[in-house]
There are 2 protein chains.
Amino acid sequence: MRFACHAQPTTIDPVSLLAVGTVAFDTVHTPFRTAERILGGSATYITLAARLFVDAPRLVAVVGHDFPESCISLLRDRKIDLAGLEVNPTEKTFFWEGRYHYNMNDRDTLDTQLNVLATFDPKLPASYRSTRVVCLGNLQPQVQQQVLDQVESPDLVVCDTMNFWIDSALDELKKTLARIDVLIINDEEARQLADHTNLVVASRIIRAMGPKTLIIKKGEHGAMLFKDDHVFWAPALPLEEIQDPTGAGDTFMGGFAGYLACEGTYTFDSFKRAVLCGTALASFVVGQFGPEALYDLTPEDVQGRLDRLTTLAHVPAVDAIGARMV
Amino acid sequence: MRFACHAQPTTIDPVSLLAVGTVAFDTVHTPFRTAERILGGSATYITLAARLFVDAPRLVAVVGHDFPESCISLLRDRKIDLAGLEVNPTEKTFFWEGRYHYNMNDRDTLDTQLNVLATFDPKLPASYRSTRVVCLGNLQPQVQQQVLDQVESPDLVVCDTMNFWIDSALDELKKTLARIDVLIINDEEARQLADHTNLVVASRIIRAMGPKTLIIKKGEHGAMLFKDDHVFWAPALPLEEIQDPTGAGDTFMGGFAGYLACEGTYTFDSFKRAVLCGTALASFVVGQFGPEALYDLTPEDVQGRLDRLTTLAHVPAVDAIGARMV
């Protein structure tokens with residue numbers, strides 16, 4: 001089965017994707033190793049994943065005067081479009097430090113230095129305005145809306161958020177939610193946003209806030225895709241070793257949105273395929289520290305994981321009635 | 001697709017299943033309701049589920065002088081074979097009381113009264129000795145072995161256990177594990193038994209203890225089936241309302257083992273179908289208190305849930321390479 005990237009008869013740039021988010025330094029502690037001030041940030045992971053499906057994914061973010069040329073080159077060499085990367089000459093790059101628990105799932109934030117983010121006021125280059133698929137990485141809801149104000153009727157807007165914004169900026173977050181097509185959050189965030197413990201009920205409450213499609217990420221337990229009356233129970237690859245879960249959710253979003261930008265159709269089946277692409281990409285990134293695993297990934301590598309997912313979760317037909325009748 | 005119950009050219013009774021376990025009174029508290037002294041016990045749930053696939057599943061258990069005729073009739077009317085149900089005239093029936101947390105997943109045991117179980121010494125009726133599929137419900141490992149001593153080369157032995165036996169009777173449990181084909185436990189029990197947090201690694205460690213097949217139940221997150229080099233990522237039905245999770249694991253085992261006893265083949269694909277049958281049966285039982293939902297269940301009801309599971313978890317093929325090449 002092959003899916004073409006259908007050129008659309010509209011003014012939207014065919015097969016184009018934009019991601020707004022952070023480009024950051026992360027210091028990550030796991031029970032086994034510490035990595036200091038490595039490249040991170042949601043926009044970094046989203047674009048590095050999306051480039052497997054989309055040429056020159058467009059990045060909207062801000063870094064500080066301390067952001068090294070080596071990191072710029074690294075992204076440029078991977079054909080990330082950096083026209084939307086602003087360099088703030090007076091502030092430092094956003095910094096996050098966290099420590100993962102022994103289960104490699106829970107984590108504590110040890111330090112957050114907003115730096116350039118405190119005054120981030122995204123200005124999209126003219127070349128970005130007619131983008132097919134827009135990814136709103138985890139950021140202040142107001143900044144997500146500022147980006148939406150500057151793009152012309154994209155085919156699809158995909159959004160991430162986190163408990164911090166649900167707690168501290170719910171009204172602004174709801175304004176963002178009213179303008180998006182797909183929300184991607186984890187199970188705890190879904191329960192908190194809906195104020196309901198049952199995920200099926202929560203999915204209805206959240207979709208009534210705006211996004212017609214909801215993806216609930218459950219980490220090692222896979223994901224659930226809710227769209228209209230359809231539900232897809234998506235698998236995750238059982239992995240023997242997880243080095244660093246940082247960026248797995250952003251990578252999922254990049255793979256998901258990148259695949260849809262490429263396929264250019266938005267049916268439930270397209271969304272299912274996109275969820276599997278996001279899952280496959282995320283399975284690589286957790287195997288190494290930071291976004292390292294994404295640097296030299298090929299479509300063939302991704303296809304290998306997609307084939308494993310398909311085999312792993314293949315559901316046979318069962319005939320309970322016939323079983324008794326013979 | 002229809003699966004016949006193949007009559008085997010052996011001395012094993014075709015399409016026969018035996019379950020040893022508890023027949024008990026349970027008092028169950030949920031955040032929404034309390035049900036006092038309702039019928040419960042692993043052997044009750046296993047046989048009530050297995051009867052959807054197997055005529056007259058054979059029950060091995062002990063009850064006390066307080067066990068009412070109405071409960072006997074209830075089981076007999078559902079065609080459970082009670083030749084192996086011993087009545088102890090001097091002791092009371094096993095009693096368990098527990099309280100579920102608001103998440104309906106975690107629970108605290110408030111009271112356990114062993115009563116008849118303290119001296120349970122199972123004696124199998126001669127008619128039970130050539131049974132095709134043997135289910136060892138959660139019980140002292142020594143009692144599980146006593147049952148195995150009395151059956152003649154069954155096709156398949158399926159076993160459940162719990163953290164209490166892993167803590168208090170590991171050596172005896174390992175003797176049981178060495179004699180079984182399939183172990184069904186939950187994720188926390190698997191981590192504890194293997195002494196390893198990673199479930200893929202844990203599955204190898206546990207299977208080296210004896211059972212060639214391992215099923216790890218993850219509650220609302222589904223289950224994983226490990227057999228040889230194969231893994232199956234089994235879905236669970238997203239349910240809007242859970243009344244009482246008691247007996248869900250036993251019901252899963254009854255549906256799983258019942259289906260296999262009926263199909264009579266033990267390939268990886270048969271095991272996958274059996275896991276889906278167990279999942280479908282368990283999805284009913286949690287919707288009502290105690291085993292009530294199983295009393296009048298029909299194969300058509302089960303087929304409805306199986307069809308929903310198949311739709312829910314259908315994984316499409318994805319071509320990541322072709323997506324970029326067009």
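Copies are superposed by least squares on the C-alpha atoms of residues with pLDDT of at least 70 in both. This is a predicted model, in which local features need pLDDT of at least 70 and side-chain atom pairs count only at pLDDT 80 or more, while totals for chains, interfaces and linings use all residues. Residues are numbered from 1 along each chain as its sequence is written, chains are lettered from A in the order in which they are written, and side-chain values use heavy atoms, with hydrogens and water left out.

## How the copies are related

Two copies of a chain are related by a rotation about an axis and a shift along it. Here, a rotation of 180 degrees with 0.0 Å of shift along its axis places chain A on chain B, with an RMSD of 0.0 Å. That is the relation of a two-fold axis. Which residue of chain A comes closest to the rotation axis? His221(A) does, with its C-alpha at 3.0 Å.

## The interface

Contact means heavy atoms within 4.5 Å. Of the interface residues of chain A, 98% are also interface residues in chain B, so the copies meet through the same surface. Buried area is the accessible area (1.4 Å probe) that two parts lose on being put together, summed over both. A salt bridge puts a side-chain nitrogen of Lys or Arg within 4 Å of a carboxyl oxygen of Asp or Glu.

| Item, chain A with chain B | Value |
|---|---|
| Residues in contact | 61 residues from chain A, 60 residues from chain B |
| Buried area | about 5,400 Å², 61% of it on carbon and sulfur atoms |
| Salt bridges | four salt bridges |

Arg204(B) and Glu240(A) join their side chains in a salt bridge, at 2.7 Å from N to O. Helices (H or I, at least four residues) are DSSP runs, numbered from the N terminus. H10(A) gives the largest share of the side of chain A that touches chain B: eight residues. That side divides into 37 nonpolar, nine polar and 15 charged residues. Ala, Val, Leu, Ile, Met, Phe, Trp, Tyr, Cys and Pro count as nonpolar, Asp, Glu, Lys and Arg as charged, and the others, Gly among them, as polar.

## A look at Ala313(B)

Ala313(B) sits in the loop between helix H10 (299-312) and helix H11 (320-325) of chain B. Is Ala313(B) buried or exposed? Ala313(B) counts as buried, at 3% relative accessibility; buried means under 20% relative accessible area (1.4 Å probe, protein chains only). Leaving out residues up to four places away in sequence, Ala313(B) touches Phe232(A), Trp233(A), Ala313(A), Val315(A) and Pro235(B). Trp233(B) is 80 residues from Ala313(B) along the chain, and their C-alpha atoms are separated by 9.5 Å.

Note on methods: Helices (H or I, at least four residues) and strands (E, at least two) are DSSP runs, numbered from the N terminus. Buried means under 20% relative accessible area, exposed over 50%, partly exposed in between (1.4 Å probe, protein chains only).
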